[in-house]
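Welcome! Take a moment to turn the model around on your screen, and then we will walk through it together.

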Amino acid sequence: MERIILIVLLAIGLCVILCASSEIDVNLLHEISERNATAADIINSSLSELVEEFRSTTTPQATTTPTATTTPTINDQELLIPPATVNANIAQMFHTDHKKRGPIVISSEPDCPSLENADELSQTQLVKTLTHGCRYDRLERPVHYGENNTRLPVDVYARAYIYFIQNLEAHDLQFKIHILLQMRYVDPRLVFREVAPNRHESIMGEASLRQSLWVPHVFFANERSSSILGTNEKDILTSISPDGTVIVSTRIQAQLYCWMNLQKFPFDEQHCQTILESWMYNTSELVLHWEQKSPVTLAPELHLTEYVLLNMWTNETMINADLSDLRHGAFAGNYSSLTFTVHLAREMGFYLMDYFIPSMMIVAISWVSFWLQADQSPPRIMLGTSTMLTFITLASAQGKTLPKVSYIKASEVWFLACTGFIFGSLVEFAFVNTIWRRKRNVELKKVNSKYILKSTLTPRPQRKEMGGNLQKSHSCSSLDAQSITTAAPSYNNYLTVHSFSNNKTNLPVITTQSCDDLTQDNGTIINVEPDSSSTLQGNSAVPSPLPLHTGWTTMTPQEIAMWIDRRSRFLFPSAFLVFNIFYWSFVYCL
C-alpha cells in the first residue's frame, strides 16, 4: 500500500508541474514520448497496476464514500498516448479533450491546383500551376505518341549565332568561341492554349523559369572548358508558347579543341568543328536537328586577324557509344550529334614580313664573305657565325608558338634549307682559307672546275699517279748546242729564235715548246734540231712539224682560292633561287 501511495504522489506531483503551463504543445509531447518510449511503457504498466489496485480498494466502499467516483474502463491503446491536459483529479487523465490533443497528422501535399480561370492568373501563377508536381515531372522527358500508341523520340531543333571566334592557338590546338545556342522543342504538358484561350502571348522568363522545366541536356563533345555568360544573372532566355513550344536560348563561352594538321604551316588550312551531342538520351528518346532556315549565323562584325573564313557547313550525325567509349557516361547506344565546321586559311602577311623576308636577308648577308679575301679570317668568321646565330634565334622565336609534332612542317623545311646555305658559306671559307695557306703550286691539266677541284681535294701523291710521269713544265730550244738524249728531267727553259726573211723587214720569231710534248712513250727526248728534212732558204728556217699536245698549267694556291670565291658568288645565289622556286611552288600548288 505504501508503494501505491508513493506512485500516486509522484503522479500528482507530475500533474501539478504540467498544470503550470495550462496548455501543452502536443507536438513537443509527442516528440518526447517517441524519444522516451521505454520510459512511457514503464509508466503505463505502473499506471495499469495502480488502476487495478485502485479499483480493488474502492469497489467495496462505494456506498460509504460519497466523494469517490467510478473510474471508467480505460483502453490500453489510449494509455500509450501522452495526455494533452492534466488536472488535479487523476481520473481526468483518461478523459482528455481529443480536439486539443487528437492524433498526430503528418502534413501531405495540397490538392492539385485547378486550371480554371487560367486567363486571370499571372504568368508566375500559371507556370506554377502547369508545372505542379501533380501534372508535371521535370525529370521526365516530354512524351509523344505515334501510331499504335508507340512512344516517339523528342525532336529538338538547334540554331547557333556566333558572336566571336578567337584565333586558333596552334600550341594548344584549341580555339575560343562565343555563341548563342538556341534549342526548340514541344512539351505537350505545357500547352495552355485551351485552358487560357485569351492568353496569346508567350510566357517569358530567365534562369528561374528554365530550372522549373525539363530541358534537353546537350554538351560540346570537343570541349575543353565552357561557361554561361552573364553579369548579375546568367544569360538564359526561356519562352513557352501557348501550343507548348519551348525555346531556350543560352549565351555560352567555350574553349574547343581543333585537331590541326600543321604539315604546311604557315601555309595551312584548318577545319575546326563544334560538336553538340545529347548527353543522357539516345536516339530512341531524343533526336537533334538543325533548323532548316539559317542554322548557323555569323555576326556581321566578326573578323579574324590571322585567318580568313573560306567556308562553313553543318552536319547531322549519329555517334555509337559502347563500354569502350564512355563519352556519354555509362550508357551505351546511338546518340544524336550536330556539327558545324568552319574552313579557315591562315593569312601569310605576318609570317612573310617577320620570318621569311628577314631569313632571306640573313642568308644573303652570309654571302658577303665571298667578296672578302680568303686570308681575312676574323671578318669572315664573325660574319658567318653572327648570321647563323641570328637566324637560329629568329627561327626559335617562331617555333615556340607551335606544338611539338612528329612530322616535318613546311616552316622547318625552310629553316633547314636556310641553315644549310649559311653553314655552306662557313664551310666554303674554311676550304679556301686552307688552300690559301698552302706553299706549293698546283699543276692542272686544264683550268676548269673539274681539274681544279680534283687537284685541290686529291692528295699530292695521287696527283702524280693521275698525271703519269708528270714533270715540271719546261721548254726546249735549238739554242742548246748539245742535244738532249737522256730521259732525266730538265728544269731549264730554252728559247728558240728563228729569223725569217722578208722583203721589208726581218723580224725574229721566238717560240717555246715544252720538252714534255717531245717526250716519247719510252721516256726519251726528241731532238728539236733541224734534220735533213729541214731546209734553210734565205734567212728562213722551216722547222719540222711538232706533235699537237696541250701542256700542264701551274696555279698558285692563292689563285685557286680566289677562283673558288668567284664561283661561289654565283653558285650560292643560284642554288638559293632554285630552292625558292621549288619551295613556293610546293606550298601554293600542291
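## A pair of helices

Is the crossing of α7 and α12 left-handed or right-handed? Keep in mind as you look that this is a predicted model. The crossing turns out to be right-handed.

To find the pair, look for α7 at residues 349-366 and α12 at residues 557-589. Their axes lie 12 Å apart, and the helices pack at an angle of about 155 degrees. Angles over 145 degrees count as roughly antiparallel, and α7 and α12 are therefore roughly antiparallel to each other.

## Where they touch

On the α7 side, the contact is made by Leu 352, Phe 356, Met 360 and Val 363. On the α12 side, Phe 576, Asn 580, Tyr 583 and Trp 584 take part.

## A closer look at Asn 580

Asn 580 belongs to helix α12. Its relative accessible area is 10%; buried means under 20%, so Asn 580 counts as buried. Setting aside neighbours within four places in sequence, Asn 580 is in contact with Met 360 and Trp 414.

## The whole chain

Now zoom out. The protein chain holds 12 helices and 20 strands, and 33% of its 590 residues count as buried. The accessible surface of the chain is about 36,400 Å², with 57% of that belonging to carbon and sulfur atoms.

How do contacts link up the sequence? Of the contacts between residues at least 6 apart in sequence, 73% join residues at least 24 apart.

Technical notes
Residues numbered from 1 in each chain as written. Predicted model: local features only at pLDDT ≥ 70, side-chain atom pairs only at ≥ 80, totals over all residues. Heavy atoms only, no water. Axes fitted to C-alpha atoms, helices over the stretch in contact; angles between N-to-C directions. Helix = DSSP H or I, 4+ residues; strand = E, 2+ residues; numbered from the N terminus. Parallel < 35°, antiparallel > 145°, perpendicular 65-115°, else oblique. Left-handed = near helix turned anticlockwise from the far one by under 90°. Contact = heavy atoms within 4.5 Å. Buried < 20%, exposed > 50% of the residue type's maximum accessible area, 1.4 Å probe, protein only. Areas by Shrake-Rupley, 256 points an atom, 1.4 Å probe, with all protein chains shown as cover.
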